[in-house]
Amino acid sequence: MATPTRIGLAGLAVMGQNLALNIAEKGFPISVYNRSTSKVDETVERAKAEGGLPLYGFHDPESFVLSIQKPRVIIILVKAGAPVDQTIKTLSAYMEKGDCIIDGGNEWYENTERRAKEAAEMGLLYLGMGVSGGEEGARRGPSLMPGGSFEAYKYIEDILLKVAAQVPDSGPCVTYIGEGGSGNFVKMVHNGIEYGDMQLIAEAYDVLKSVGKLSNSELHEVFSEWNKGELLSFLIEITADIFGIKDDKAEGYLVDKVLDKTGMKGTGKWTVQQAADLSVAAPTIASSLDSRFLSGLKDERVEAAKIFKSGGIDDAIADNNVVDKKQLIDDVRKALYASKICSYAQGMNLIRAKSIEKGWGLKLGELARIWKGGCIIRAIFLDRIKQAYDRNPELASLLVDEEFAKEIIERQSAWRRVVCLAISSGISTPGMSSSLAYFDTYRRERLPANLVQAQRDYFGAHTYERIDMPGSFHTEWFKIAQQSKI
């Protein structure tokens with residue numbers, strides 16, 4: 001290989017391999033490197049097998065870096081945290097002023113901001129780029145969320161525009177997000193929204209299965225049908241697929257043999273922590289995280305089930321409700337959609353709050369656009385979100401957009417019926433319930449928060465404001481109460 005390549009990629013686990021092959025397939029010669037050399041050889045073999053793609057493997061960091069045209073651009077796809085720092089240290093030894101590093105992992109945004117400063121001291125440019133779409137997305141076209149140096153983004157904009165997922169009516173699923181760690185932050189919230197979506201779908205499944213007594217083949221039909229309407233999305237599509245897959249190791253369907261313990265990598269937890277730090281309510285996302293924690297207590301739940309069964313509380317409570325299957329399926333569809341609006345409203349409000357705090361100037365409608373293809377939360381619904389922010393970029397919440405407000409009003413009776421049915425059947429629907437509580441709290445002009453503030457003033461002299469006159473007030477509640485008891 002005499003002529004230099006256009007770009008380099010270090011870190012060849014499946015995501016890295018697939019992204020490298022995607023870049024090569026789009027006509028950009030790419031150099032690849034991995035600490036364990038077997039992965040390099042494996043990727044080179046795949047490039048040959050997948051159409052003789054212009055991909056070149058290197059076994060040592062120096063020859064890898066030097067093979068790339070200047071100013072060099074290197075994408076790193078390794079595990080977040082210390083491995084990223086180690087990889088930067090290894091590669092930067094051979095890089096020159098004006099070269100650029102792009103971290104494509106799920107990194108904590110403050111780590112990206114720290115690394116960008118360190119890179120700048122070495123004269124290097126830095127981008128933290130969220131990549132969504134899983135293994136398949138990386139190969140066929142992911143949603144890309146690059147943040148950091150605009151100059152660095154401009155170096156590789158031509159590559160990203162071709163490598164990203166292409167949506168016919170709205171273009172490539174990539175945009176320059178903003179300064180600093182904004183790309184990582186946006187990807188983190190994307191993952192938080194994804195947690196909420198998955199939890200809401202799981203609750204819909206639970207109600208249909210446990211109360212509606214739908215079989216897996218019926219669930220496959222229902223979700224396939226839902227994927228033709230307003231719920232059309234990647235997650236609904238794969239859910240329908242899952243219900244159709246038979247077990248290859250035993251009788252029955254595979255979904256029934258999967259242990260009910262959900263793993264997690266940390267982005268959902270970070271999202272909830274950030275929401276708390278910024279005083280943004282995100283109950284749907286938080287309840288999905290709590291559900292994952294509780295799912296992990298499998299042994300404790302097995303014991304608890306025995307204790308409460310002996311007291312007459314078990315899954316048979318769900319049999320007490322006689323339901324009209326057709327009506328239930330329609331109600332659950334509406335409840336799922338309304339809950340989803342609340343979950344996305346929370347995610348968008350969190351992004352906006354952070355953007356204001358950091359001065360990032362993020363455009364929420366543009367984020368909805370780049371999530372329309374390639375990523376895990378891709379859905380037809382995102383088009384509606386983009387339109388809502390196009391109509392009003394200063395929209396306080398998706399809930400008050402005229403279109404979404406109308407849709408919630410049309411669905412709220414069904415939503416309440418599903419949550420009530422679940423509660424009376426002993427089926428937990430924390431995502432749907434907390435979404436409904438979020439909506440009911442947000443839409444009420446007056447809340448019982450006046451009592452809480454009165455209590456705070458009573459025991460801690462925290463003062464309170466009044467609805468009928470300006471200023472801040474403190475009352476000697478204790479003394480007045482004591483006198484009235486005499």
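Me: Which residues lie nearest the centre of the second largest pocket?
Reply: On a 1 Å grid over the protein atoms alone, a pocket is an open set of points with protein on both sides within 12 Å along at least five of seven lines. A lining residue has an atom within 4 Å of a point. The second largest pocket has 15 of them, and nearest its centre lie Asn-34, Arg-35, Val-78, Pro-83 and Thr-87.

Me: What kind of model is this, and how are residues numbered?
Reply: It is a predicted model, where local features need pLDDT of at least 70 and side-chain atom pairs count only at pLDDT 80 or more, while totals for chains, interfaces and linings use all residues. Side-chain values use heavy atoms, with hydrogens and water left out, and residues are numbered along each chain, as its sequence is written, from 1.

Me: How many helices and strands does the protein chain have?
Reply: Take the whole chain. Its C-alpha trace spans about 90 × 65 × 45 Å along its principal axes. Its secondary structure comes to 20 helices and 11 strands.

Me: What share of the chain's residues counts as buried?
Reply: Buried means under 20% relative accessible area, exposed means over 50%, and partly exposed is in between (1.4 Å probe, protein chains only). The chain has 486 residues, and the buried share is 49%.

Me: Is Ser-435 buried, partly exposed or exposed?
Reply: Ser-435 sits in helix α18, residues 430–442. Its relative accessible area is 0%, so Ser-435 counts as buried.

Me: Which side chain makes a polar contact of 2.9 Å with that of Ser-435?
Reply: A polar contact is a pair of N or O atoms within 3.5 Å; within protein, one must be able to donate a hydrogen and the other to accept it, and residues adjacent in sequence count only if both atoms are side-chain atoms. The side chain of Ser-435 also reaches the backbone oxygen of Gly-431, at 2.8 Å. The side-chain partner at 2.9 Å is Thr-284.

Me: Why do the buried residues of α9 count as lying on the same side?
Reply: In α9, residues 216–226, the buried ones are Asn-216, Leu-219, Val-222, Phe-223 and Trp-226. The arc is that of the directions from the helix axis to the C-beta atoms. These residues share a side of α9 because their arc around the axis is only 115°.

Me: Which helices do they pack against?
Reply: Packing here rests on contact, which is heavy atoms within 4.5 Å. The buried residues of α9 pack against α8 (182–211), α10 (234–243) and α14 (325–358).

Me: Which residues are exposed on the other side of α11?
Reply: Buried in α11, residues 267–277, are Thr-267, Gly-268, Trp-270, Thr-271, Gln-274 and Ala-275. Their arc is only 160°, so they lie on the same side of α11. They pack against α5 (109–121), α8, α12 and α14. Exposed on the other side are Ala-276 and Asp-277.

Me: Which elements give two or more residues to the lining of the largest cavity?
Reply: A cavity is a set of grid points where a 1.4 Å probe fits but cannot get out. The largest holds about 30 Å³ of space. Its lining is Asp-197, Ile-201, Leu-231, Ser-233, Ile-236, Leu-336 and Lys-340. The elements that give two or more residues are α8 and α14.

Me: How far apart are the C-alpha atoms of Gln-387 and Asp-401?
Reply: Gln-387 lies in helix α16, residues 381–391. Gln-387 counts as partly exposed because its relative accessibility is 36%. Asp-401 is 14 residues away along the chain, and the C-alpha atoms are separated by 9.7 Å.

How values were computed:
Helices (H or I, at least four residues) and strands (E, at least two) are DSSP runs, numbered from the N terminus. Grid points are joined across faces, edges and corners, and a volume is the space filled by probe spheres set on the points.
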